[in-house]
Amino acid sequence: MVVNSVHWFRKGLRLHDNPALQEALDGADTVRCVYVLDPWFAGSANVGFNRWRFLLESLEDLDSSLRRLNSRLFVVRGQPTDVFPRLFKEWNVTRLTFEYDSEPYGKERDNAIIKMARNFGVETRVRNSHTLYKLERIIELNNNSPPLSFKRFQALIQRLELPKRPLQTVTAEQMDSCPTPVAANHDELYSVPSLEELGFKTTDQGQAVWKGGETEALQRLHRHEWVGNYWKPRINVCTLMASPSGLSPYLRFGCLSCRTLYYRLRELYMKAYQHTPPPLTLFTQLLWREFFYTAATHNPTFDRMTGNPICMQIPWDKNPEALAKWAEGRTGFPWIDAIMTQLRQEGWIHHLARHAVACFLTRGDLWISWESGMKVFEEMLLDADWSVNAGSWMWLSCSSFFQQFFHCYCPVGFARRIDPSGHYIRKYIPKLKDYPNRYIHEPWKAPESVQRGCNCVVGVDYPMPMVNHAETSRLNIERMKQVYQQFSHYKGLSLLEVVPVIREQTESSVPKSSMSHPSCNDAMASSLCLALSHRKRERPIDLHCSQGCSQPKMQCAGLDRDPNRPLQQ
C-alpha cells in the first residue's frame, strides 16, 4: 500500500525533536509538510506586527531547512476544515500527522480534523512534544483534577519519570527515502506570504530585535553557557534589554523543543557539578509553563473571569481611556511608559517589567480587569500564548494562584532600584533623555526651569501622572481586602490573617488636580472562586520603595518564582 503523508505544522516549527514529523516519515512513499494560514485571520485576529513577522520568519527558515533536504514547505491559504478535504483528494493522502495541542480550542479543532480525515480514509497520528510531560498524567495523579498551586504541581512532577529524550533531527537520508513532489510553480501556489500581502505596512517598523526561526533558536541555545549564569542573575538596566540568549519566543512557536532545552540544561549542570543530578529548581521556568498548560487544558474559560471556576470574581472598573493610556505608554509614569513602549516596538519585556505593568493596570493603580491586559499582551508579546498568558495575568492580578495582594509595585521606587540613572527610560522615552537622574523617574517634581531646559515640560510635552499612586494603591488594597473578606466568609476561610493593617496616610507630592482615580464599586460579584483557598507564595523577595517615592507603608515586592520570566541570561 502506498503511503502519502502530510505533516501539519502548527506550533512545532522545527525539524529537531519533532515526533509527529518522524511519524509522517515512517515508511512513507511521499511526504509533504504543510502550514495552513488564513489570510483573513491576519487582519481580524488580535495579533500584532511583531508576532506576525516572527511567525513568517520562522516559516521562511523552516522552508529553507526543508529545501536543503530536497523538500519544501507548503503554505496553504484557508481554514483547515476547508483546506484538508481538497488536499486529501488532490494529493491522494493516506496519513496525516501533527503535534498534540493541549489547549481547549486546539483539541476541539483537532477532533474535527481527525473525524474528517477518518471519513476520507486518512490515518491520523498525533504526538506530544510541546510540553515536557503528558498533562493528562499529571491530572490523573492529582485525583483527576488539575493542580492549582505550583508547589502541588512540583510535588506531582517529582513522582513522574524524566521527560522523554529529544529525537534526532530529520536527515537528508530520511527525506530522500520519501521524496516531496514539488511542482515548478510551487512558489506561486505555496510560498510564505509577505507582511505586505497580509495587509501590514512595513515602512516605519524598523529591524526586528528577535529573529524568528529554528536556526536562530539553536544558535542561541548553543552559544550560551546556561548553568553558569542561571542562578540568581543580577537585576540591572542591562537585564531589561532583549538578550541574545533569550528563548521564550522560540519555545512559544516551537522553533525550539522544550525537551531539547531541558536536557541541554541537565547535561550542562551535571558536567559542571560532577554528574550530580540537577535540582528541580533548575527547570523552574519550564515548569511554570507546564503548570499553566495543565491548569488550562480542561478549562475553556481559562482566559476570562466570568464562568471561570478558578478565577476570583473581582468587580473591576471599565475605563477605556485609562486602558488606552496604559497600552500606548501615556500614563505619565516614565517607568511604566518605557516598558509599554519597548513592548510595542520589540515584542518583548523582562519578567519584572511584566510584573510592574500588570500590577499597575490591575490591583495596583488603575483597577482594570486582567482580561484587558491579557489582550494587549496577546497582540504584542512574542511569547504570549493562550494558557501561559491568561494564567500569568490571573496570577499577577491576584485573581488566581497567588493571593498576597498587599505586595504592590511602586512605579517610581522599584524603577529607581533597578535603573537609578534612568538609562532604560531615556532609551524608550527620548523626550525625557535630558532630565537629570534626580528627576528622570519623577519628572513632574522637576522645577519648571529644569523642565524647560530639558525641552520637555510635563503636562505639555509629556503627560502628568494619570493617578496618584500612593492614594490609589492604598484604595485598591482595601478593595481587594473586601473581595477576599467576602470570599473568606463564603468559604469559612481565614485568608486575611497575614494582611497588614495600613494605618498611616502618606501625602503625595503629585498635584491632585492632575489626577483621577478609579471609583469604588461596592457591588461584589456573587460567584467566588475556589482556586485561592490555601495558596501562598513561597519566600517572597521584598523590594522596598526608595525614600523618594511617595508611597503608603507597604512593600513593593519583586514577586519571585515568576511564571513570566523568559529563559535568558
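Arg354 and Asp383 form a salt bridge, with closest N and O atoms 2.9 Å apart. The term covers a side-chain nitrogen of Lys or Arg within 4 Å of a carboxyl oxygen of Asp or Glu. The pair links distant parts of the chain, 29 residues apart: Arg354 sits in helix α17 (residues 351-364), Asp383 in the loop between α18 (370-380) and α19 (386-396). Both Arg354 and Asp383 are buried. Buried means under 20% relative accessible area, exposed over 50%, and partly exposed in between (1.4 Å probe, protein chains only).

This is a predicted model: local features need pLDDT of at least 70, side-chain atom pairs count only at pLDDT 80 or more, and totals for chains, interfaces and linings use all residues. Residues are numbered from 1 along each chain as its sequence is written, and side-chain values use heavy atoms, with hydrogens and water left out.

**Salt bridges**

By the rule above, there are 30 salt bridges. Opposite charges on side chains can pair when the charged atoms come close.

| Pair | Closest N and O atoms |
|---|---|
| Arg354 and Asp383 | 2.9 Å |
| Lys433 and Asp434 | 3.3 Å |
| Asp63 and Arg67 | 3.6 Å |

Asp63 and Arg67 are separated by about one helical turn, because they are four residues apart in helix α3 (residues 49-68). Asp63 is buried at 7% relative accessible area, whereas Arg67 is partly exposed at 45%. Lys433 is partly exposed at 46%, and Asp434 is partly exposed at 41%. A network of salt bridges links Glu23, Asp26, Arg95, Glu123, Arg125 and Arg127.

**Overall make-up**

The protein has 23 helices and seven strands. These are DSSP runs numbered from the N terminus: helices are H or I with at least four residues, strands E with at least two. Of its 569 residues, 61% count as buried. The protein exposes about 24200 Å², and carbon and sulfur atoms supply 49% of that area. Areas follow the Shrake-Rupley method with a 1.4 Å probe.

Contact means heavy atoms within 4.5 Å. Among contacts between residues at least 6 apart in sequence, 79% join residues at least 24 apart.

The largest nonpolar core has 143 residues, and Trp326, Trp335 and Phe401 have the most contacts inside it. Another core lies apart from it, with 20 residues, among them Val83, Phe84, Val93 and Phe98. Such a core is a set of buried Ala, Val, Leu, Ile, Met, Phe, Trp, Tyr and Cys residues joined through side-chain atoms within 4.5 Å.

Strand β2 (residues 30-37) is mostly covered, with eight of its eight residues buried. Thr30, Arg32, Val34 and Val36 point one way; Val31, Cys33, Tyr35 and Leu37 point the other.

Two strands pair if DSSP finds at least two bridges between them. Strand β1 (residues 4-9) pairs with β2 in the parallel sense over six bridges. Trp8 stands opposite Val34 in β2. The chain crosses from β1 through helix α1 (residues 19-25) to β2 in a right-handed β-α-β crossover. Right-handed means that, with the strands pointing away from the viewer, the path from the first strand over the helix to the second runs clockwise. Strand β3 (residues 73-77) runs parallel to β2, joined by five bridges. There, Leu73 is the bridge partner of Cys33.

Gln22 lies in helix α1 and is buried at 16% relative accessible area. Leaving aside neighbours within four places in sequence, Gln22 contacts Leu167, Gln168, Thr169, Val170 and Gln174.
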